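Student: Could you take me through one part of this model in detail? I'd like to know what packs around it and how the neighbouring pieces connect.

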Amino acid sequence: MMHPDTEIRFISEEIGYGVVALRRIPKGTITWVQDELDQIYTPEEVGEMSEFARQMIDKYTFRNNKGNFVLCWDTAKYVNHSFRSNCLSTAYDFEIAVRDIREGEELTDDYGYLNVTEAFRAKDENTERKVVYPNDLEKFYPLWDRQLQQAFGHINSVPQPLRAIIPAEIQKEVLLVIKGKKEMKSILHCYYNED
C-alpha cells in the first residue's frame with residue numbers, strides 16, 4: 001500500500017505518470033508496504049499468461065528475492081525509476097524515504113534493486129550510472145544500506161500512517177534495529193539470483 005499523502009500525476013511525455021507527494025514526507029517515513037492485496041505470481045504462472053499479460057507483468061511488477069513477480073494493487077505500480085531515488089526498499093517488505101520529499105515532488109525508486117530481468121537505459125539524470133542492470137543490487141548494496149541505516153534512525157520520530165499494515169513481528173524486529181539491539185538486514189537480502 002502506498003503512503004496516503006500521495007497521488008498519481010502526469011510527469012512528462014518521456015516518463016508518463018508517477019506518484020507525487022501531496023504534502024511533505026519526512027526522511028524515515030515508510031512510503032510503501034507490501035500488503036495482502038498485492039498479487040504474487042511465480043515465473044511458471046507468468047509463463048502461462050498471454051503475451052499482453054506478460055507485457056503488463058514486465059511493466060508493472062518487481063521481482064522479490066524468491067524470483068516471484070509482485071504486482072502492487074494500488075498506485076505503487078506507478079513509482080518511477082531514478083538514479084537519485086528518494087525512497088529505498090528494505091529487507092522488511094516496506095520502502096522508506098531516505099531524505100525529505102517535498103510537496104509536489106515525485107516519489108522514486110532505483111530499479112537497480114528491484115531485480116529487473118533485462119538491462120535498460122534510463123532517463124539521463126547527469127549521473128555516472130546510465131543503465132539499470134539485473135545485478136545492480138550486488139554492486140550498490142553498501143551505498144543503499146548506508147542510506148537505509150540513516151533513514152531508520154528517523155522511523156520513530158516521524159508520523160507513520162502505514163505502520164498498522166506492517167506485520168507485528170516485523171515491527172518488533174525493526175524496533176530492535178532502531179534501538180541498536182539488532183543489526184539491520186541488508187537490502188542485499190532482496191536480491192534474486194537466477195543462476
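Tutor: Let's start with what covers the buried residues of helix 3: strand 8 (87–89), strand 9 (94–97), strand 12 (131–132) and helix 4 (168–178) are among the elements that do. Helices (H or I, at least four residues) and strands (E, at least two) are DSSP runs here, numbered from the N terminus. Keep in mind that this is a predicted model: local features need pLDDT of at least 70, side-chain atom pairs count only at pLDDT 80 or more, and totals for chains, interfaces and linings use all residues. Residues are numbered from 1 along each chain as its sequence is written, and side-chain values use heavy atoms, with hydrogens and water left out.

The residues of helix 3 that get covered are Asp-136, Leu-137, Trp-144, Asp-145, Leu-148, Ala-151 and Phe-152; buried means under 20% relative accessible area, exposed over 50%, partly exposed in between (1.4 Å probe, protein chains only). Helix 3 also has a kink of about 50°, centred on Pro-142. That bend is the angle between axes fitted to the seven residues ending at a residue and the seven starting there.

Now follow strand 9, one of the covering elements. Both of its faces are covered: Phe-94 and Ile-96 are buried on one side, Glu-95 and Ala-97 on the other.

Strand 8 runs antiparallel to strand 9, joined by three bridges, and Cys-87 has Ala-97 as its bridge partner. (Two strands pair if DSSP finds at least two bridges between them.) The two strands make a hairpin with four residues between them, and Asp-93 in the turn has a positive phi of about 60°. Strand 3 pairs with strand 9 as well, antiparallel over three bridges, with Ile-30 bridged to Ile-96.

Counting contact as heavy atoms within 4.5 Å, and skipping residues up to four places away in sequence, Ala-97 touches residues including Thr-31, Cys-87 and Ala-151. Thr-31 sits in strand 3 (residues 30–33) and is itself buried, at 0% relative accessible area. Among the residues Thr-31 touches, with that sequence cut-off of four places, are Met-1, Glu-95, Ile-96 and Leu-162.
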